[in-house]
Amino acid sequence: MAKKQKADLLQGTLDMLILKSLLTQARHGYGVAKWIQVTTKGALEIEEGSLYPALHRMQKRGWIQSEWGLSESNRRAKYYELTALGRAQLKTEVQSWSHLVDAISLVLKSNLAEG
């Protein structure tokens, strides 16, 4: 049986995915990673070594804020939520991503003999 291929994230995509995961509710780090994994039907798995530096970077930029709380398993966890600046950044990143997807779609639909 072949191993399931995992998609590699383009640079900058992780921030957009994290911001999107926080759009409707605050989540702890594991919750963010789990939301991304479930939403992508397992195609994307975010490793801790990528997730937590991204969360810290985004907090320094003012896109998210955090506060300590209790997880579902009654453990202390840091919960992250979007700020107004983070909502604006998400909108910007989604627009940029949409333009990129449109451009790539044009290339994939083009006749190989063209150009």
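In this predicted model, the buried residues of helix H1 pack against a set of elements that comprises strand S1, helix H2, helix H3, strand S2, strand S3 and helix H4. The residue ranges of these partners, apart from H2, are listed below.

| Element packed against buried residues of H1 | Residues |
|---|---|
| Strand S1 | 27–28 |
| Helix H3 | 48–60 |
| Strand S2 | 64–70 |
| Strand S3 | 76–82 |
| Helix H4 | 84–109 |

Because 8 of the 9 residues of H1 are buried, the helix is largely enclosed by the rest of the structure; the buried residues are Thr13, Leu14, Asp15, Met16, Leu17, Ile18, Leu19 and Ser21.

Asp15, which is placed in H1, is buried with a relative accessible area of 7%, below the 20% cut-off that defines a buried residue. When neighbours within four places in sequence are left aside, the contacts of Asp15 are Ala54, Arg57, Met58, Arg61, Trp63 and Glu93.

The packing of H1 (residues 13–21) with H2 (residues 29–39) has an angle of about 100°, and the two axes are 9 Å apart; the helices are therefore roughly perpendicular to each other. On the H1 side, Leu17, Ile18, Lys20 and Ser21 take part, and they meet Val32, Trp35 and Ile36 of H2. Sorted by class, this contact has 5 nonpolar, 1 polar and 1 charged residues.

As for aromatic rings, a search of the whole structure finds 0 aromatic pairs, whereas Arg76 lies over the face of Trp68, at 4.1 Å from the ring centre.

How values were computed: Residues are numbered from 1 along each chain as its sequence is written. This is a predicted model: local features need pLDDT of at least 70, side-chain atom pairs count only at pLDDT 80 or more; totals for chains, interfaces and linings use all residues. Side-chain values use heavy atoms; hydrogens and water are left out. Axes are lines fitted to C-alpha atoms, for helices over the stretch in contact, and angles run from 0 to 180 degrees between N-to-C directions. Helices (H or I, at least four residues) and strands (E, at least two) are DSSP runs, numbered from the N terminus. Angles under 35 degrees count as roughly parallel, over 145 as roughly antiparallel, 65 to 115 as roughly perpendicular and the rest as oblique. Contact means heavy atoms within 4.5 Å. Ala, Val, Leu, Ile, Met, Phe, Trp, Tyr, Cys and Pro count as nonpolar, Asp, Glu, Lys and Arg as charged, and the others, Gly among them, as polar. Rings of Phe, Tyr and Trp (its six-membered ring) pair if their centres lie within 6.5 Å; planes under 30 degrees apart count as stacked, over 60 as edge-to-face and the rest as tilted. A charge sits over a ring if NZ of Lys or CZ of Arg is within 6 Å of the ring centre and within 35 degrees of the ring normal. Buried means under 20% relative accessible area, exposed over 50%, partly exposed in between (1.4 Å probe, protein chains only).
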